[in-house]
Amino acid sequence: MNRYESKFIQKIVEDLLHKLGPKCLDVAKYPVGIESRVDYIIDLLSIHSNDVRVVGVYGMPGIGKTTIAKAVFNQLCHGFEGSSFISNVKEKTVEQLQEQLLCDILKPNTWKIDNVSKGVNLMKDRFRNKRVLVVLDDFDQLKQLEALVRERNCFGPGSRIVITTRDEHLLTQIEVDGKYHVKELHQHESLQLFSLHAFKDTHPEEDYVELSNAIVDYAGGVPLALEVLGSYLFRRNISVWKSAIKKLRKIPNRQIQKTLRISFDTLDDDKVKAMFLDIACFFIGWDKEYVVEILDGRGFFPDIGIDILIQRSLLSINDENELNMHDLIRDMGREIAREVSYDHPGKRNRIWLLEDALDVLNNQTVRTKFLWSWTSKQSYILSNLM
Amino acid sequence: MEGLALDVRASTVASLSTKSFTNMRRLKLLQINGAHLAGSYKLLPNELIWLCWLECPMKSLPSDLQLNNLVVLDLQHSNIEELWKGTKVRNFQLAPKFSIMKFNLELHFSHD
């Protein structure tokens, strides 16, 4: 087979994959409580009406908005002419988001957008007669949302758009047609999700029923907390459980970030902790093999370490082999990195914010000069003393 | 300090002085996307394991830049044409653990 044949075959495969439609998104290991919430959102979307509808899904971090949105997408995408699930938008420009939307829906073509209004016009031109499903996951900036959905007539009749956000007000600003508030899991759902992580079973083991109920109570129906606590306690003995409950008792108002932190604090290997902090500060969204090389160079044992972090639900790896961390877990990691010294970024081990980095770099220059003048002054005094 | 990441591509920062790095001898991870560096490159920490310099403005790396412990060098979307002047990319002296170089094209190195 020559090069041209193999290229030709590759092209056929790509076309076929495109015709087969979008591939399913990976939802959750244990999708407890998802179905009823998905049904409610699909209801709000009234799939059979011919207008363009936008539905907003909001709720606190860790409550499962992304998981629910993925499940909605999986369930509906095959009924549309084109579909796109846009996530991890924090560092992307508005033009990049428009490009992604165009590429997802019109693939295998690719698009290059250099300004927003060109993007909007292109969308109008290409989508006007297409019935599409678009999910915009975890948006918190009006500017980003407006560039994609301000003009409903960009999309063909019957199109549906789902937006997830922490900020309900954003949904009001964009004038959504319906809103869904994702609330905490019920007690029985919580216990089930926790047990699946802690025991790989829908119910706790007999000796652990009371302890499980206590932990579930502290997790406050937040799926992320249930998952992290359950993953931590998997196959641990009763004394570890008791000490976890003791730690949880000390956390005021059941603050979820502090709850998650127990999982970090109890990592017994400092190298795994350091690896977690490196990833939280620098390597989210990077290719796993790439980061493994770096962490290996750091003298860590990344393959084992990454496995431990995944088992603890502190880290995940997506279909593209990229390192992924829930926002709340990432924030917890960065908070720990920041705790070393709040006021003096220069004393910290890891710096990832531009302003802190510039602050440190400028101070270093200043400090070097100062030290130099101090030492020369000192040596001047010294030489005079002698 | 073990890790420092900054991306000046979307900021107004014109250039950084390599002097700023003199007190960071232990720095292992460094990302300076889009940055212009002024001053002697000897002042950069030589324990670096990761150097990520997307959109590096130079055509070749300065000859006084020492990267004896480097494992990953990432120079994507940069103007770099040759690593060090007169040295073809493939022939440059590798650190013992050097494994990935991301360039405008990607090269992987393997050690025996």
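Trainee: How many residues of chain B are in contact with chain A?

Mentor: 26 residues of chain B are in contact with 21 residues of chain A. Two residues are in contact if their C-beta atoms, placed from the backbone, lie within 7 Å. This is a predicted model: local features need pLDDT of at least 70, side-chain atom pairs count only at pLDDT 80 or more, and totals for chains, interfaces and linings use all residues. Residues are numbered from 1 along each chain as its sequence is written, and chains are lettered from A and ligands numbered from 1 in the order in which they are written.

Trainee: What makes E1(B) a partner of strand E8 (residues 350-351) of chain A?

Mentor: Two strands pair if DSSP finds at least two bridges between them. Two bridges join E8(A) to E1(B), so they pair, and they run parallel. Ile351(A) stands opposite Leu4(B).

Trainee: What share of chain B counts as buried?

Mentor: Of its 112 residues, 36%. A residue is buried if 20 or more other C-beta atoms lie within 10 Å of its own, exposed if 12 or fewer, and partly exposed in between. Chain B has eight strands and zero helices.

Trainee: Why is H9(A) called roughly parallel to H11(A)?

Mentor: The axes of helix H9 (residues 209-219) and helix H11 (residues 238-249) of chain A cross at roughly 30° and come within 10 Å. Angles under 35 degrees count as roughly parallel, over 145 as roughly antiparallel, 65 to 115 as roughly perpendicular and the rest as oblique. Therefore H9(A) is roughly parallel to H11(A).

Trainee: What classes of residue make the contact of H9(A) with H11(A)?

Mentor: Eight nonpolar, no polar and no charged residues. Among them are Leu211(A) of H9(A) and Trp241(A) of H11(A). Ala, Val, Leu, Ile, Met, Phe, Trp, Tyr, Cys and Pro count as nonpolar, Asp, Glu, Lys and Arg as charged, and the others, Gly among them, as polar.

Trainee: What makes E2 and E5 of chain A edge strands?

Mentor: Strand E2 (82-86) and strand E5 (178-181) each pair on one side only. The open sheet has five strands in the order E2-E3-E4-E1-E5, with parallel pairing. E5(A) pairs with strand E1 (residues 53-58) of chain A over four bridges.

Conventions:
Axes fitted to C-alpha atoms, helices over the stretch in contact; angles between N-to-C directions.
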